[in-house]
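Here is a short briefing to read alongside the model.

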Amino acid sequence: MSAPSADGPIPAGAPAPEFTLLREDGTEFTRADLEGNTTVLVFYPFAFSPVCTDQIGLYEEVLGDYLPKRGATMYGVSCDARWSQTAFREKLGVSIPQLSDFEPKGAACRAFGVYHPGGFPQRALVIVGPDAVVAWSYQAPSPADLPGANLIFDGLDAVAAGSAKA
Amino acid sequence: MTAGPGAGLSDLSSAPLPGLLEQDHVRGPDGAPLVIVYADFECPYCAAAEVKLKGAQLRIAFRHFPVRSSHPRAWPAACAAEAAALQGGFWEMHDLLFADQGRLEDPHLWARARTLGLDLERFDADRRSPAVMARVRGDFESGVRGGVVTTPTLVANGALRTGEVDVHSLEEFGARGG
């Protein structure tokens with residue numbers, strides 16, 4: 001298994017690492033849950049920070065109408081406690097399910113190569129194919145930069161191109 | 001009924017922001033630098049930007065970028081502006097919407113249509129029509145594909161600008177021809 005780079009997100013072609021995140025209901029979400037689906041993981045620094053708010057709201061706008069056409073499921077991932085994530089999601093009025101990397105803090109983010117030295121996830125997007133192999137990844141130049149929703153669709157195009165070749 | 005995207009969705013992968021389109025709503029002095037604005041009628045930052053832009057020596061093209069989770073009335077307001085446009089009143093409705101963002105429910109939209117002397121029955125049918133929704137959705141999609149992530153986003157000579165609007169810099173930028 002390719003080791004995630006210390007200075008960037010896990011690259012395309014690397015198998016997804018073993019990890020454990022908590023869903024909002026407290027159940028575990030692990031590598032096994034990636035199998036059989038195209039999964040878009042949206043790593044964001046903090047619940048309730050203004051930039052995350054814009055980003056998740058925009059993704060929600062494309063999620064319901066555009067993303068299912070591409071057969072993909074999206075999750076938000078942060079190091080916030082799951083209760084905070086639910087409160088954040090409900091405040092925004094969005095449906096994107098949240099995954100918590102709270103304890104041990106940042107372990108999954110580290111495994112995906114997106115842990116910021118400041119103690120929070122980088123603003124990064126990772127798309128994992130149904131084979132649990134990373135198909136595409138992107139990290140914003142800084143946590144203040146919002147990755148456009150177009151990038152998710154570029155990533156999904158790359159996934160589709162990859163499976164067409166396979 | 002909730003206004004929003006339905007059938008006929010386009011792809012949202014990256015594509016350059018379109019330059020000025022025939023369908024764009026444009027106002028401002030002939031020959032002034034062109035700024036394309038992606039905005040949302042329920043967004044307070046957009047309203048603040050519009051105040052600055054209105055008095056500027058700029059030609060403004062308006063495109064819709066409604067985001068429902070932040071602004072539940074953004075879509076209906078955008079559709080109201082397009083319905084007004086079909087009766088020649090886009091900018092008048094645009095100004096009335098931004099002037100009072102606390103009142104964007106249906107009766108408030110009807111009141112604005114009456115103020116502008118629009119045919120109310122036609123206005124109400126148009127704002128719920130697939131054609132009007134497709135028009136709003138088209139703007140949103142072009143913005144997403146071009147990397148717009150927040151409102152207001154201003155486009156001057158192909159460059160995206162967010163944050164506080166600096167009219168002087170936009171006028172200077174245009175005057176230099178980019």
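**Strands, core and chain contacts**

Strand β1 (residues 25-27) of chain B runs antiparallel to β3(B), and three bridges join the two. Please keep in mind that this is a predicted model.

**The strands around β3(B)**

- On the parallel side of the pairing list, strand β2 (residues 34-39) of chain B is joined to β3(B) by six bridges.
- Within β3(B), B:Phe62 is the bridge partner of B:Val37.
- A right-handed β-α-β unit is made by β2(B), helix α1 (residues 44-54) of chain B and β3(B).

**The nonpolar core**

- The largest nonpolar core holds 94 residues.
- Which residues have the most contacts inside this core? They are A:Val42, A:Tyr59, A:Val126, A:Ile127 and B:Val37.
- Helix α2 (residues 74-85) of chain B gives the most to this core, namely nine residues.
- Leaving aside residues up to four places away in sequence, B:Val37 touches B:Leu53, B:Ile60, B:Ala61, B:Phe62, B:Arg63, B:Pro152 and B:Leu154.

**Helix α6 of chain B**

- Helix α6 of chain B covers residues 130-145, which is 16 residues.
- From its first C-alpha to its last, α6(B) reaches 22 Å, close to the 22 Å expected at 1.5 Å a residue.
- Buried residues of α6(B) include B:Val132, B:Met133, B:Val136 and B:Phe140, and among them are also the charged residues B:Arg137, B:Asp139, B:Glu141 and B:Arg145.
- After α6(B) comes B:Gly147, which has a positive phi, near 95 degrees.

**Where chain A meets chain B**

- On chain A, 20 residues are in contact with 16 residues of chain B.
- Two elements of chain A, α1 (50-66) and α4 (149-165), are those that give two or more residues to the side touching chain B.
- The most comes from α1(A), with nine residues.
- By class, this side of chain A has eight nonpolar, five polar and seven charged residues.

Methods: Residues numbered from 1 in each chain as written. Chains lettered and ligands numbered in written order. Predicted model: local features only at pLDDT ≥ 70, side-chain atom pairs only at ≥ 80, totals over all residues. Contact = placed C-beta atoms within 7 Å. Helix = DSSP H or I, 4+ residues; strand = E, 2+ residues; numbered from the N terminus. Expected span 1.5 Å × (residues − 1). Buried ≥ 20, exposed ≤ 12 C-beta atoms within 10 Å, placed from the backbone. Pairing = 2+ DSSP bridges. Right-handed = clockwise from strand over helix to strand, strands pointing away. Core = buried A, V, L, I, M, F, W, Y, C linked by C-beta atoms within 7 Å.
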